[in-house]
Amino acid sequence: MEIFQIVAIGLVATILSVLIKNEKPEIGLYISLVAGVIIFLFIATRLQSVIEILSQLANKINIDSIYLSTILKIVGIAYIAEFGAQICKDAGEGVMASKIEFAGKILIMVMAVPILVSLMDLIINMVP
């Protein structure tokens, strides 16, 4: 079970960070950052099977691949923005974290506009 490995990495990094933080706080931050990147990469490799299943589903129901790729990009932006914001919060930079979250929300909105326009066109064509 992968969750046990992820929790173990997180707990070890947390214990090391807490122990070192009193003497060298910058190293504690680096430990948290490296553990976060390791966990993120560990999980990112698992997403490949989800993407393949979604692609197969999109092919079955004849959805244009550009919509699926846009949705996946939106999900990626959300995850990366959340990851960056959490790292900033761990470093005590809450203001920077909120700016990253805000930028992520704006980018998501920009990416979603073509899908919303297409949806609105579909609705307008359905109404007599």
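## The model

The model is predicted: local features need pLDDT of at least 70, side-chain atom pairs count only at pLDDT 80 or more, and totals for chains, interfaces and linings use all residues. Residues are numbered from 1 along each chain as its sequence is written, and side-chain values use heavy atoms, without hydrogens and water.

## Helices α1 and α2

Helices are DSSP runs (H or I, at least four residues), numbered from the N terminus. Helix α1 covers residues 2–21 and helix α2 covers residues 25–44. Their axes lie 8 Å apart, at an angle of about 170°. Axes are lines fitted to C-alpha atoms over the stretch in contact, and angles run from 0 to 180 degrees between N-to-C directions. Angles over 145 degrees count as roughly antiparallel, so α1 and α2 are roughly antiparallel to each other.

The contact (heavy atoms within 4.5 Å) includes Ile6 and Ile9 of α1, and Ile31 and Ala35 of α2.

## Helix α3

Helix α3 has 14 residues, 47–60. The expected span is 1.5 Å times one less than the number of residues. That should give 20 Å, and the end C-alpha atoms are 20 Å apart, which agrees. Asn62 follows α3 and has a positive phi, near 55°.

## The largest pocket

What supplies the largest share of the lining of the largest pocket? Helix α4 does, with eight residues. Helices α2, α3 and α4 (65–90) each supply at least two.

Terms used
Parallel < 35°, antiparallel > 145°, perpendicular 65-115°, else oblique.
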